[in-house]
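Q: I have a structure here and would like to go through it step by step. Could you help me to read it?

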Amino acid sequence: MPLAQMVGWFGAFGVLGAHALLTLGRWPSTSLRYQGANVVCGGSLLIWAVSVAAWQGAIVNALWAALGVIGFSKSWRSRNADSNAAHRATSQQSGVRADDH
């Protein structure tokens, strides 16, 4: 089996698996795992679509992966903001200024 086909099957099952985990409530839509799966698997399907000149699929999967990048970055920033807020709260409770770290 050619490499592009293997990459395409990986992407197809990955997207399906990520969507199943989302639908079953195992992964929230804002999780880094879900958004990362969209980026990696959408990109995999993009590679396959380009290799077989399926341009409609290439465009859809390029957009899918791009939306995954946006979702991943939003989730990453939110996660870091929550972590920073927790760190500031802990520092304030212990009497240490957040600027001292």
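Q: To begin, what share of the residues of the protein counts as buried?
A: Of the 101 residues of the protein, 26% count as buried. Buried means under 20% relative accessible area, exposed means over 50%, and partly exposed lies in between, with a 1.4 Å probe and protein chains only.

Q: What should I know about the model itself?
A: The model is predicted, so local features need pLDDT of at least 70 and side-chain atom pairs count only at pLDDT 80 or more, while totals for chains, interfaces and linings use all residues. Residues are numbered from 1 along each chain as its sequence is written, and side-chain values use heavy atoms, with hydrogens and water left out.

Q: How many helices and strands does the protein have?
A: The protein has three helices and zero strands, and its elements run α-α-α from the N terminus on. Helices (H or I, at least four residues) and strands (E, at least two) are DSSP runs, numbered from the N terminus.

Q: And what about contacts between residues that are apart in sequence?
A: Among contacts between residues at least 6 apart in sequence, 56% join residues at least 24 apart. Contact means heavy atoms within 4.5 Å.

Q: Let us turn to the helix pair. At what angle do the axes of helix 1 and helix 2 cross?
A: The axes of helix 1 (residues 3-23) and helix 2 (residues 32-51) cross at roughly 145° and come within 8 Å. Axes are lines fitted to C-alpha atoms, for helices over the stretch in contact, and angles run from 0 to 180 degrees between N-to-C directions.

Q: Is that crossing left-handed or right-handed?
A: The crossing of helix 1 and helix 2 is left-handed. A crossing is left-handed if the near helix is turned anticlockwise from the far one by less than a right angle, and right-handed if clockwise.

Q: Which residues make the contact?
A: Helix 1 contributes residues including Ala-4, Val-7, Phe-10, Val-15 and Leu-22. From helix 2, the residues in the contact include Tyr-34, Val-40, Cys-41, Ile-47 and Trp-48.

Q: How many of them are nonpolar, polar or charged?
A: The contact of helix 1 with helix 2 has 14 nonpolar, eight polar and no charged residues. Here Ala, Val, Leu, Ile, Met, Phe, Trp, Tyr, Cys and Pro count as nonpolar, Asp, Glu, Lys and Arg as charged, and the others, Gly among them, as polar.

Q: Which residues of helix 2 are buried?
A: Among them are Leu-32, Tyr-34, Gln-35, Gly-43 and Ala-49. Gln-35 has 10% relative accessibility, and it touches Ser-29, Leu-67, Gly-68, Gly-71, Phe-72 and Ser-75, not counting residues up to four places away in sequence.

Q: Where is Ser-31 found?
A: Ser-31 is found in the loop between helix 1 and helix 2. Ser-31 counts as buried because its relative accessible area is 10%. A polar atom of its side chain lies 3.0 Å from the backbone nitrogen of Tyr-34.

Q: Is Phe-13 buried or exposed?
A: Phe-13, in helix 1, is exposed because its relative accessible area is 56%. The C-alpha atoms of Phe-13 and Cys-41 are separated by 8.2 Å, and the two residues are 28 residues apart along the chain.

Q: And Leu-63?
A: Leu-63 has its place in helix 3 and is exposed, with a relative accessible area of 52%. Its C-alpha atom is separated by 9.4 Å from that of Gly-43, 20 residues apart along the chain.

Conventions:
A polar contact is a pair of N or O atoms within 3.5 Å; within protein, one must be able to donate a hydrogen and the other to accept it, and residues adjacent in sequence count only if both atoms are side-chain atoms.
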